[in-house]
Amino acid sequence: MKRTSLFWLFFWSALGLSILCGLGIWQLVRLAEKREYLAELDQRIAAPPVSLAEALRRSQAGEDAEFLKLSATGKFAPASLYKQATFKGGPGWQVLTLFTSDDGIAVLVDRGTIPEALRQAQPQ
């Protein structure tokens, strides 16, 4: 082989190897971030529930209120909002209902997804 051919073979091999090493390091950093996130999520799931007012206060103070367990008493509105979704691979509806707590705090609650047949059986 010519000397220049060996140079380019070495050059492209070194470039490819450095790219692959960089991607491997990126994956390890991403793994550490994911483990940290999952540990925080497990901690929030195991924590006792907080009131809706306390969660709202935390959110307004700029704290992360995602995945907090909530405890609230109040009433759901009689009507729901239906948004198209899939249910077990078929047509369905995502049910969203307004909830008003005894403290007067109103929030929209995602009550899950139902199949098309149940939506048609619901009164309008």
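## A salt-bridge network

Glu40 is partly exposed, with a relative accessible area of 34% (buried means under 20%, exposed over 50%, partly exposed in between, using a 1.4 Å probe and protein chains only). Arg44 is buried, at 16%. These two residues form a salt bridge, and their closest N and O atoms are 3.4 Å apart. A salt bridge here is a side-chain nitrogen of Lys or Arg within 4 Å of a carboxyl oxygen of Asp or Glu. Glu40 and Arg44 sit 4 residues apart in helix α1 (residues 3–46), so about one helical turn separates them.

Arg44 has another partner. Asp64 forms a salt bridge with Arg44, with the closest N and O atoms 3.5 Å apart. Asp64 lies in the loop between α2 (52–60) and β2 (70–71), while Arg44 is in helix α1, so the pair ties together parts that are 20 residues apart in sequence. Asp64 counts as partly exposed, at 44% relative accessibility.

## About the model

This is a predicted model: local features need pLDDT of at least 70, side-chain atom pairs count only at pLDDT 80 or more, and totals for chains, interfaces and linings use all residues. Residues are numbered from 1 along each chain as its sequence is written, and side-chain values use heavy atoms, leaving out hydrogens and water.

## A pair within helix α2

The structure holds 4 salt bridges. One of them joins Arg57 and Glu54, with the closest N and O atoms 2.8 Å apart. Why are Arg57 and Glu54 separated by about one helical turn? They are 3 residues apart in helix α2. Arg57 is partly exposed, with a relative accessible area of 41%. Glu54 also counts as partly exposed, at 24%. Elsewhere, salt bridges that share partners join Glu40, Arg44 and Asp64 into one network.

Why do such pairs form? Side chains of opposite charge can pair when their charged atoms come close.

## Overall fold

The chain has 3 helices and 5 strands. Both are DSSP runs, numbered from the N terminus: helices are H or I with at least four residues, and strands are E with at least two. Along the sequence, the pattern is α-β-α-β-β-β-β-α. The radius of gyration is 26 Å, well over the 14 Å that the globule rule gives for 124 residues, so the chain is more spread out than a compact globule. That radius is taken over C-alpha atoms, and the rule is 2.2 Å times the number of residues to the power 0.38. The C-alpha atoms fill a box of roughly 80 × 40 × 25 Å along the principal axes.

## Surface and contacts

Of the 124 residues, 13% count as buried. The chain exposes about 10,000 Å², and carbon and sulfur atoms supply 62% of that area. Areas come from the Shrake-Rupley method with a 1.4 Å probe; for residues, only the protein chains shown count as cover.

Contact means heavy atoms within 4.5 Å. Among contacts with a separation of 6 or more, 31% involve residues 24 or more positions apart.

Phe67 has a positive phi of about 65°, although it is not a glycine. Phe67 counts as partly exposed, at 44% relative accessibility.

Lys88 lies in the loop between β3 (74–87) and β4 (90–101). Lys88 has a positive phi of about 50° and is not a glycine either. Lys88 counts as exposed, at 79% relative accessibility.
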